[in-house]
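Please keep the view open while reading.

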Amino acid sequence: MGEAFIATAALTIRVFLVGGILLVLPHITRKGLVFGTYVGEAVADGGAVRGLVRSWSLGCVLVMALSLAVGYSIGLAGSPLAGNFIGTAVLLLSPPILYLRMFRRARVLAPPAAARQAAVSSAPLSTHASKTETFAKIVLAICLATGLATIAYAAVSFRSMPAQVATYLGFLRRTDELADKSLVSVLYLPCLSMLLSSLFALLGVFVAGAKRSVRAGTGSDSAAAQETYNSVQVQTFGGIALFFSLTLTAFAVQYMRVARGEIQSLSYYLLLIFLPMLAFMFWSLLRILGGSGQGGALLEKGSVDTPLTGGLADNTYWVWGAFYVNRDDPSMMVEDRFGLGYALNLGNWRAVLSMGAVLLLVLTFVVLPFTGVIQ
Amino acid sequence: MPLTITIDRNHEDSVYEQVAGQVRRIVASGALEAGTALPSVRQLARDLGVGLNTIARAYRLLEEEGFIVIRDRTGATVAEPAPAEQPVRARLLDHLRTTLARLRQSGVGIEELQELARAEVLALSPGHEENQDG
């Protein structure tokens, strides 16, 4: 009963959260962009685009209904966990298909004038980004320093640890699995802690240095809107990185104390620390959905009808409206045309190499426990 | 509200000339006070989607002309207005005469020339950027 209730409730919350975000997306996108295509500001006001948005909304509601129907049916048949899993799979796999349908229909609406606009680029003559970048770099330094300190603590504690150490601590906060003491088994958690927090901090640094996509015209308010939006994004990544750093460092230190027999189990506060982190993530999401909009779309009031410029307005550099590939653009990250956040410039080898290396490292550490190396 | 500059890759002037020309005009109009920090070469190159060398070249030109000051650590800032020495003034006036003569020779009428000159001088008047936005 308990398991069935939790699985069903989790699926329901997930469906309404993800579905709600999907329904809102077309309404918080920069004017002129329609499902990953730049169609121009005039066309964006037309009936054809409104029809597309209606189709998208209807599709999203159907996906939500299908996800719940599949999840509940399998749950009622006696497998609530499978129902949760399959319902979630339907919820996450259907929207990309729906998006591609909308993208194809939007592409037809792009007039030749929109292509000409691609040759024009605007940039603010302000240095706001440097302050945001400094904040992001400080967060990265904190995450790295905390991570290194935890690794040093683990190294110092190595001798005093028993021959077998805990490698998995369950929900009851007690040791579930043991492994022979080795550098890998002891340093695994501190290293993972540093990597995960640094990954989010690094994303913050990348985002802080992202291209600022502003509309044409001197003094356009889209520059200020873009800067506010960028600050919110960097604060979100920075906040998550600091929460991760705090939580995982505390977890790693307590885990070592359990291993040395100084305490019997992990403290309750480690579980409670996740609540403010979830609240922070939800608040950050609301700041973008209801406050700034994607790319500061909701803050652009005076200049909303002036044309977008640069990478955002250039349909030739966007594959399926979602992947930005421009070898001539020194930007590592650019604002997403549809969705929330920023996209990697896949034409910039530095961006691809650095993100690829970090992700590979994190993936290696996440997969490591399942390979038997530390068991 | 931040001032913006706009480049057009299809324009006959090269991108670095367009960047330098717009920054020059904004600084001369007084819209940016002396000492105001400008975006770094890297940031402006990212925002405009052009190479670093293009922006560096524009900034070097502006520095040579005395519109901006480039420092290694703090980046580029708007230069203090400095009265031009008599020989420099004479050279600049000579450039102006040559430019006007070239325009006249290319078929631009006297009235049109006067209108062009008036518009250019107006663009340099204090507060022009803000008036244009409003």
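## Basis of the description

Residues are sorted into classes here: Ala, Val, Leu, Ile, Met, Phe, Trp, Tyr, Cys and Pro count as nonpolar, Asp, Glu, Lys and Arg as charged, and the others, Gly among them, as polar. This is a predicted model, in which local features need pLDDT of at least 70 and side-chain atom pairs count only at pLDDT 80 or more, while totals for chains, interfaces and linings use all residues. Residues are numbered from 1 along each chain as its sequence is written, and chains are lettered from A in the order in which they are written.

## The cavity in chain A

On a 1 Å grid over the protein atoms alone, a cavity is a set of points where a 1.4 Å probe fits but cannot get out, a pocket is an open set with protein on both sides within 12 Å along at least five of seven lines, and lining residues have an atom within 4 Å of a point. The largest cavity holds about 40 Å³ of space, and its lining divides into four nonpolar, five polar and no charged residues. Among the lining residues are Ala7(A), Leu11(A), Tyr72(A) and Asn84(A). Helix 1 (2–24), helix 3 (47–76) and helix 4 (80–107) of chain A each supply at least two residues of this lining; helices are DSSP runs (H or I, at least four residues), numbered from the N terminus.

## Domains of chain A

Chain A is divided into domain 1 (3–115) and domain 2 (131–371), with bounds that come from an automatic or database domain assignment. The C-alpha centres of these two domains of chain A are 25 Å apart, and 23 residues of domain 1 are in contact (heavy atoms within 4.5 Å) with 30 residues of domain 2.

## The largest pocket

Because domain 1 (15–78) and domain 2 (86–123) of chain B both contribute residues to the lining, the largest pocket lies between them.

## Helix 1 of chain B

Helix 1 of chain B has 15 residues and reaches 21 Å from its first C-alpha to its last, close to the 21 Å expected at 1.5 Å a residue, where the expected span is 1.5 Å times one less than the number of residues. Just after this helix, Gly30(B) takes a positive phi of about 85°.

Conventions
Side-chain values use heavy atoms; hydrogens and water are left out. Grid points are joined across faces, edges and corners, and a volume is the space filled by probe spheres set on the points.
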